[in-house]
Amino acid sequence: MASTLAVPILRQADILIVTLQGDLGDAEWAKLTDDLLDRVAERRTRFAVLDLSVVDVLDSFACRTIVGLTNMVALRGPTMIVAGIRPSVAFAMVQLGATLPGVATALDLDHALSVMTHG
Amino acid sequence: MVSTTQSVAAATALAAIPENQFRLFWTAYEKSYDDISVQATQELLALPEFAAFANMLTEEESAVRREETRLMLRQAVDTGSWEAYAEDLIAQGEVYGEMGLSFASWFKAVSPIRVVILPHLVTAYRDSTDDLFGAVLGMDAFFDVVMATIGTAYLLKKEATIKVQQDAIRELSTPVLPLREGMLILPVVGVVDSHRAHQLTQGLLEAIRRDRATVAVVDITGVPSVDSKVANHFIQTVEAAKLMGTTVILTGLSPAIAKAVVTLGVDLTKLNTVGDLRGGVEEAERLLGYRVSQIEV
């Protein structure tokens, strides 16, 4: 049941917050990548947070995409933080060997924001 | 207590012993039943592992038990129905299993009787080697089934006991303790198999979510050894916690485990370790931005 609306990207000062509302299909990931890479350039952006707290499943394709997205975003400046991975999702990911090497993570949006403001 | 398929199988095997051979054996056996039983029991109690049972039954109780068994056998022989006797054998086996007897011990427990009976057979059939031969075959056939029946029941009971103990060890759950705001401690004690490692991981991830922890100190001082499978489980635990934004500090690795981890070629970059729990907690406090100082008292 993929959403046909674009994934919302909100700005808070020099932080971009991307909240995934559910599982994404290939096309939606591609659109999100394009949108995010555009948005990081419109103003000085230090961080981009990918909020996965509503996501039930992260397959290996999604994981590879997130790692790729992190690196692409980093090339344009900002550091990406992935927040809100649920216990069941984290467990399934490590069992599949699909982790997020080199990607900063946070327990939830709140923690991510606190890390970003305090360092 | 009664395993129907087992008792039926045993009863069938007993009934299948060649009629004439069994008759020859049984006639001589029954004639001297009491003497044979008493002697066999004495031989048993002379063995060191059974000396403790010497005073379990009084003379009277022993005599009663002997008579019960003799009547059971008599009934089986007369009616051709061996179910009741088979069930008694199974019960015996289960007792040996529950006692935790070694295989060698239970074997010694049920073997003396043939040696005790043999002279009686020789006396009874001294005039006919054919009859003696038949009687010996009948005895062997009979006690082969008896021993197989008792042995199987013993083994099943022993395996069941081991399983109960294993389950009890599994039930020892690892508590996840919040020590400071944002810090969890997991003291792991005992053998960690895949199942426990799985439980541990789930417990930790749930606690991270619930207590909003960013550091977890997992202490394995109480874990005797680790194989490659379990080592990988611990790494998975560390990685899963990392996905949730939590750092895991592993403490208390024994020399044996330290050697094993390196020898197994475990990816050490994935592990954050500190020697002992105290050091681990101090490191965790540092990561959380605590500074502990002693106040002049």
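**Entry 1: the hairpin in chain A**

I began at Q12(A), which stands opposite I15(A) in β2(A). The model is predicted, so I noted that local features need pLDDT of at least 70 and side-chain atom pairs count only at pLDDT 80 or more, whereas totals for chains, interfaces and linings use all residues. Residues are numbered from 1 along each chain as its sequence is written, chains are lettered from A and ligands numbered from 1 in the order in which they are written, and side-chain values use heavy atoms, with hydrogens and water left out.

I took helices (H or I, at least four residues) and strands (E, at least two) as DSSP runs, numbered from the N terminus. I counted two strands as paired if DSSP finds at least two bridges between them. Strands β1 (residues 9–12) and β2 (residues 15–19) of chain A run antiparallel and are joined by four bridges. I then asked which residue in this hairpin takes a positive phi. A13(A) does, with phi near 55°, and the hairpin has two residues between the strands. I recorded that A13(A) is not a glycine and that it lies in the loop between β1 and β2 of chain A. For reference, most residues other than glycine have a negative phi.

**Entry 2: the sheet of chain A**

I traced the sheet of chain A as open, with five strands in the order β1-β2-β3-β4-β5 and mixed pairing. The edges are β1 and β5 (104–106) of chain A; each has a single partner strand, so one side of each is left without a neighbour in the sheet. From one strand to the next, the twist averages 25°. I found β2(A) parallel to strand β3 (residues 47–51) of chain A, with five bridges between them. V18(A) has L50(A) in β3(A) as its bridge partner.

For directions, I used axes that are lines fitted to C-alpha atoms, for helices over the stretch in contact, with angles from 0 to 180 degrees between N-to-C directions. Helix α1 (residues 26–42) of chain A packs on the sheet and touches β1, β2, β3 and β4 (79–83) of chain A; its direction makes about 20° with that of β1(A). Helix α2 (residues 60–75) of chain A also packs on the sheet, where it touches β3 and β4 of chain A, and its direction makes about 150° with that of β4(A).

**Entry 3: chain B**

I recorded twelve helices and five strands in chain B. Buried residues (under 20% relative accessible area; exposed is over 50%, partly exposed in between; 1.4 Å probe, protein chains only) make up 40% of its 297 residues. Of the contacts in chain B between residues at least 6 apart in sequence, 79% join residues at least 24 apart.

The sheet of chain B is open and mixed, with five strands in the order β1-β2-β3-β4-β5. At its edges stand β1 (177–180) and β5 (273–274) of chain B, each with a single partner strand, so one side of each is left without a neighbour in the sheet. Strands β3 (residues 215–222) and β4 (residues 247–251) of chain B run parallel, joined by five bridges. Within that pair, A216(B) stands opposite V248(B) in β4(B). Helix α9 (residues 194–211) of chain B packs on the sheet, touching β1, β2 (183–189), β3 and β4 of chain B, and its direction makes about 165° with that of β2(B).

I checked R212(B) in the loop between α9 and β3 of chain B. R212(B), a residue other than glycine, has a positive phi near 50°. Its relative accessible area is 34%, which means that R212(B) is partly exposed.

**Entry 4: helix α10(B) and its partners**

The axes of α9(B) and α10(B) come within 10 Å and cross at roughly 10°. They are therefore roughly parallel (under 35 degrees; over 145 is roughly antiparallel, 65 to 115 roughly perpendicular and the rest oblique).

Helix α3 (residues 87–96) of chain A packs against α10(B) at about 135°, with axes 9 Å apart. That angle makes α3(A) oblique to α10(B). Among the residues in this contact are F91(A) and V94(A) on α3(A), and E239(B) and L243(B) on α10(B).

Where does E239(B) lie? E239(B) is in helix α10 (residues 228–243) of chain B.

How values were computed: Contact = heavy atoms within 4.5 Å.
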